[in-house]
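Here are a few notes to go through with the model open beside you. Take them one at a time and find each spot as you read.

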Amino acid sequence: MSFLVTEIEISNAVNVAIDDERLSVSLDDGRTISVPVSWYPRLLHGTNEERNNFRFIGNGSGINWPDLDEDISVQGLLAGRHSVESQKSLNKWLEKRTTREVSGD
């Protein structure tokens, strides 16, 4: 019995659009992946300014939002993986944000 081994090449992100409902990532092969922004609670709770402050990492294999401490890979999007951050971790992050807003930092 023989097997055909196929190498799968993951495309890179070239554009990002995000609103209160969807995260859409355009790829260099012409596809666009669109997922609910609720899959990524930090993006969901981010301001428009924070959401729009992103950078491509790994030549577009991922996206980083420095203000939100969020990284999402194209491979994860293609696989349908959402954030696996624990509720405890998210609550700590949200609490820090609230404290920072109150103190004016």
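Predicted model: local features only at pLDDT ≥ 70, side-chain atom pairs only at ≥ 80, totals over all residues.

**Notes on the sheet and the rings**

1. Three strands make an open sheet in the order β1-β2-β3, and the pairing is antiparallel. At the edges sit β1 (13–18) and β3 (32–36), each of which pairs on one side only. On average, neighbouring strands here are turned by 15 degrees against each other, ignoring direction.

2. Now zoom in on one strand pair. Five bridges join β1 to strand β2 (residues 22–27), in the antiparallel sense. To get your bearings, look for Ala13, which stands opposite Leu27 in β2.

3. Next, the aromatic rings. A pair of them is described by how far apart the centres are and by the angle of the planes. You'll find two aromatic pairs in this structure. In one, Phe54 and Phe56 have ring centres 5.6 Å apart and planes at 75 degrees; that is over 60, so we call the pair edge-to-face.

4. The other pair is Phe54 with Trp65: the centres are 6.3 Å apart and the planes stand at 50 degrees, so this one is tilted. It links distant parts of the chain, since Phe54 is in the loop between α2 (48–52) and β4 (55–57), while Trp65 is in strand β5 (residues 62–65), eleven residues apart.

5. Put together, Phe54, Phe56 and Trp65 form one aromatic cluster. Which of its residues is buried? That's Trp65, with a relative accessible area of 0%. Phe54 is partly exposed at 24%, and Phe56 is also partly exposed, at 32%.

Notes. Residues numbered from 1 in each chain as written. Heavy atoms only, no water. Phe/Tyr/Trp six-rings, centres within 6.5 Å; stacked < 30°, edge-to-face > 60°. Buried < 20%, exposed > 50% of the residue type's maximum accessible area, 1.4 Å probe, protein only. Helix = DSSP H or I, 4+ residues; strand = E, 2+ residues; numbered from the N terminus. Pairing = 2+ DSSP bridges. Axes fitted to C-alpha atoms, helices over the stretch in contact; angles between N-to-C directions.
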